[in-house]
Amino acid sequence: MNRIRVQTSENRHCSKITTMSTAGKVIKCKAAIAWEPCKPLSVEEIEVAPPKAHEVRIKIISSGICGSDNSALFQIIQTKFPVILGHEAIGVVESIGEGVTKVKPGDKVIPLFVPQCGCCRSCKTANCNLCEKFEFGFSTQSGLMADGTSRFTCKGKPIYHYASTSTFTEYTVVSDICVSKVDAKAPVEVCLIGCGFATGYGAAVNTAHVTKGSTCAVFGLGGVGFSAIVGCKDAGASRIIGVGTHKEKYPKAIQLGATECINPKDYDKPIHEVICEMTNGGVDFAIECAGRTETMMTALMCTYASNGVAVLLGVASPTATLPLNPGLLLTGRTLKGSIFGGRIFELKINVNI
């Protein structure tokens, strides 16, 4: 999945809003609205209501465009319309509702499409991160805040929220369990931690548990795939094979840590057979970032039969199924999924201003 960063503020490193006079008031601003499925977004003036109890209103500085937003637009991810899409951003807290204690106006933050309520079974389990308040699965999202209403209106009509975040707007409102404070010096590119980087990197480090000296294959050389490559490299993998059909992306993949890149179209046999031949029977770890069931099966089949691990990250159609032969797992392979990096982890990033 490719990522395009959209910057909405003239100040690349602003950490404070010029004025807080908007607190408690309706804000009029621009947003990109998806009025109906499969149609282009329309930039409109909207009204953003003040945050209610345990809510945070954020001025968006920049937002990434993720393949999952496209999946929602085309109903692979079930979404209500009209809606403001976007879930990968960085911004500054404009105002807070009653009871909010984790952030304050002026804080630089990342909205979280995976909430952290701290109370449910998942939040209380060390190796889980899929909070039960999560609204980004295959069932239709409510598109509303906790009180059953929206904070967005346009032309007198309520507009649905998306993935608890809605970042294709100059201002958004999120629950206080869907926001994380970041360093005030964090640049606009840090918006990618809101989905792509955390998803790919965490899949390698937290979900696959890539080991030192291991061999890895990463399918899909977009933002998530690149991040998975970085995760494999940081975990100490000795060989990282990037798999993709867009050869113009190979230099970046190599720069980030891939040892080589291959194109399935260059071979007259299935690519999993090619990879198995290249790696003495299969890779130790395979990470799928494409969202196609054929690629998911290929990722599994290219792993070593006795102990290979395949991790699925791509979002497929809710009606899609895997033609899985149990024998592929019986020998010792493991097939896993991962959302937003698999579990909560701390990222320490050097920021050069």
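Two strands are taken to pair if DSSP finds at least two bridges between them. Helices (H or I, at least four residues) and strands (E, at least two) are DSSP runs, numbered from the N terminus. The structure described here is a predicted model, in which local features need pLDDT of at least 70 and side-chain atom pairs count only at pLDDT 80 or more, while totals for chains, interfaces and linings use all residues. Residues are numbered from 1 along each chain as its sequence is written, and side-chain values use heavy atoms, with hydrogens and water left out.

pLDDT is the predictor's confidence in each residue, on a scale from 0 to 100. The chain has a mean pLDDT of 89, and 90% of its residues reach 70 or more. A contact here means heavy atoms within 4.5 Å. Where pLDDT is low, the predicted coordinates should not be read in detail.

Next comes the sheet. Six strands form an open sheet with parallel pairing, in the order β13-β12-β11-β14-β15-β16. Because β13 (260-262) and β16 (334-337) stand at the edges with a single partner strand each, one side of each is left without a neighbour in the sheet. On average, neighbouring strands of this sheet are turned by 20 degrees against each other, direction ignored. Axes for such angles are lines fitted to C-alpha atoms, for helices over the stretch in contact, and angles run from 0 to 180 degrees between N-to-C directions.

Helix α5 (residues 271-278) touches β11 (215-219), β12 (239-243) and β13, and its direction makes about 165 degrees with that of β12. Helix α6 (residues 293-301) touches β11, β14 (285-288), β15 and β16, and its direction makes about 170 degrees with that of β14.

M278 lies in α5 and counts as partly exposed at 24% relative accessibility, where buried means under 20% relative accessible area, exposed over 50%, and partly exposed in between (1.4 Å probe, protein chains only). Leaving out residues up to four places away in sequence, M278 touches R239, I241, E260 and I262. The C-alpha atoms of M278 and I241 are 9.9 Å apart, although 37 residues separate them along the chain. In α6 sits T295, which is buried at 13% relative accessible area; with residues up to four places away in sequence not counted, T295 touches F219, E288 and A290.

The cysteines are quickly summarised. The structure holds zero disulfides, a disulfide being a pair of cysteine sulfur atoms within 2.5 Å. For C302, the nearest cysteine sulfur is that of C276, 6.3 Å away. Both C191 and C302 are buried, each with a relative accessible area of 0%.

Finally, S150 is found in the loop between β6 (108-111) and β7 (152-154), and is buried with a relative accessible area of 18%. The side chain of S150 reaches the backbone oxygen of I159 at 2.5 Å, and a polar atom of that side chain lies 3.0 Å from the backbone nitrogen of F152. Beyond neighbours within four places in sequence, S150 is in contact with L144, I159 and H161.

How values were computed:
A polar contact is a pair of N or O atoms within 3.5 Å; within protein, one must be able to donate a hydrogen and the other to accept it, and residues adjacent in sequence count only if both atoms are side-chain atoms.
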